[in-house]
Amino acid sequence: MSSTLSRARRLIAVLLLLVLAPAAQPKFTAPMSASLDAASQSREGRAAKGTPEQMIVAAIDAIRAGRMRDARATVDALLVREPDYRLAHLLSADLYAMHNGPLRTVGGAASGPADLLEGLRHEAMARVQASRNPPPADALPANLLILAPKQHHAVVVETDTSRVYLFSNDQGVPRRIADFYTTIGKLGVDKYKEGDQRTPLGVYFVTSEMPRAQLDAMLGKKADLYGIGAWPISYPNELDIQQGRTGHGIWLHGVPYDTYARSPWSSNGCVALGNEDMHLLSSSLQVGITPVVIVRKINWLPRDAWQQQRQAALAMVDRGQAGALPEDLSVLAGDIAAEQRVATFDDAQAGGVRRQYWQRTGNDWQVVWDGPAKSG
């Protein structure tokens, strides 16, 4: 009888752990067999391999499937590899606590600041959801319709899912080559004024690079917040200024060296990545050239639909230039709901770079700002 009760308690604990979000909840077969549990307890655990993110998701999957020794082995291996990974420490504590009873949520056994624990739960959810719902393999982002030849890469930040996507310019077609977990502003998105702790939405460009040594000289101990370094972007852009938006210092940057990752909403408006991810991303950034498009959700399109929108964008710019398609043209789009496109091109007559912000009005597109480009 005691053996049966022990197995039942373990099964209840598995069922109650990690209630993250409806879309991410496990689908268990009922009932979960005792023989499966016994089998998992009769061998050493197997640690999952891959990136730290793949390992943390594998550990969560193992807990949900009742493979507790696999979960323990994976978390232990991950902490050897990344000893400052707070979410992995939290899962480790949960695994120990489950020997004594069920837990209803990630961090159910932990004590500490409520906002810190809630942030780690959101991080777990964001990482799991990204693993469960990757973009369609053959889809292209409507946010990147035309890339100029000089733009070797483009970055799109999707704030709703806490992801940064890196695309290469494959003869004008954006090809997704990597994506990373990220942190945005404490109070969300759509920055409007200085100090509102929001991340801006729109089309921006990398304007400079600030290595860690430069930040140390500028900021002293405060430089630690930015980890390996920072890459400022062009907020406020030309349209932001026209709309009266204020603020400055919106950067892509790393995290403190003693922190593997920050929670999804914990910056003052910047886009922060883990240092290893920021290092990988930074190798593709061209100062003054690389676009950084920040949106709530990426509009993924089948290739045929993307080609149609690309042709429509070419026709839009062509009409605006009286039939003379400009050189080094890029056409990018922010949040699709805003119905805006941003065209940047060489202006031979002015001897510089020109930018136009287009707004859909009814079935037509109209220019709402036109002038010299600040960057990009």
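Guide: Welcome! On a 1 Å grid over the protein atoms alone, a cavity is a set of points where a 1.4 Å probe fits but cannot get out. Grid points are joined across faces, edges and corners, and a volume is the space filled by probe spheres set on the points. This model is predicted: local features need pLDDT of at least 70 and side-chain atom pairs count only at pLDDT 80 or more, while totals for chains, interfaces and linings use all residues. Residues are numbered from 1 along each chain as its sequence is written, and side-chain values use heavy atoms, with hydrogens and water left out.

Visitor: How many cavities of 30 Å³ or more does the count come to?

Guide: The count gives one cavity of 30 Å³ or more. About 30 Å³ of space lies in the largest cavity.

Visitor: What makes a residue part of the lining, and which residues line the largest cavity?

Guide: A lining residue has an atom within 4 Å of a cavity point. Ala148, Lys150, Gln151, Asp328, Ser330, Thr344, Phe345, Asp346, Val353 and Gly376 line the largest cavity. Strand 16 (residues 340-347) gives the most to this lining, with three residues.

Visitor: How many lining residues fall in each class?

Guide: The lining has three nonpolar, four polar and three charged residues. Asp and Lys count as charged, Ala, Val and Phe as nonpolar, and Gly as polar.

Visitor: Why is Arg245 called buried?

Guide: Buried means under 20% relative accessible area (exposed is over 50%, partly exposed in between, with a 1.4 Å probe and protein chains only). Arg245 has a relative accessible area of 17%, so it counts as buried. You can find Arg245 in the loop between helix 8 (238-242) and strand 10 (251-253).

Visitor: Which residues is Arg245 in contact with, leaving aside neighbours within four places in sequence?

Guide: Contact means heavy atoms within 4.5 Å. Arg245 is in contact with Asp190, Lys191, Tyr192, Tyr235, Pro236 and Asp240, setting those neighbours aside.

Visitor: What makes a stretch a helix, and where is helix 3?

Guide: Helices (H or I, at least four residues) and strands (E, at least two) are DSSP runs, numbered from the N terminus. Helix 3 covers residues 52-64 and has 13 residues, so it passes that cut-off.

Visitor: How do you know what span to expect for helix 3?

Guide: The expected span is 1.5 Å times one less than the number of residues. Helix 3 reaches 19 Å from its first C-alpha to its last, close to the 18 Å expected.

Visitor: Why is helix 3 said to be largely enclosed by the rest of the structure?

Guide: Ten of its 13 residues are buried, so helix 3 is largely enclosed. The buried residues include Met55, Ile56 and Val57. Gly66 follows helix 3 and has a positive phi, near 85°.

Visitor: What makes strand 3 and strand 4 a pair?

Guide: Two strands pair if DSSP finds at least two bridges between them. Strand 3 (residues 153-158) and strand 4 (residues 163-170) are joined by six bridges, so they pair, and they run antiparallel. Val157 stands opposite Val164 in strand 4.

Visitor: Which way does strand 3 pair with strand 13, parallel or antiparallel?

Guide: Strand 3 and strand 13 (residues 291-295) pair in the parallel sense over four bridges. Glu158 has Val295 as its bridge partner in strand 13.

Visitor: Is strand 3 mostly covered or exposed, and what shows it?

Guide: Strand 3 is mostly covered, with six of its six residues buried. His153, Val155 and Val157 point one way, while Ala154, Val156 and Glu158 point the other.

Methods. 1 Å grid on protein atoms, 1.4 Å probe; cavity = no way out; pocket = protein on both sides within 12 Å on 5 of 7 lines; lining within 4 Å.
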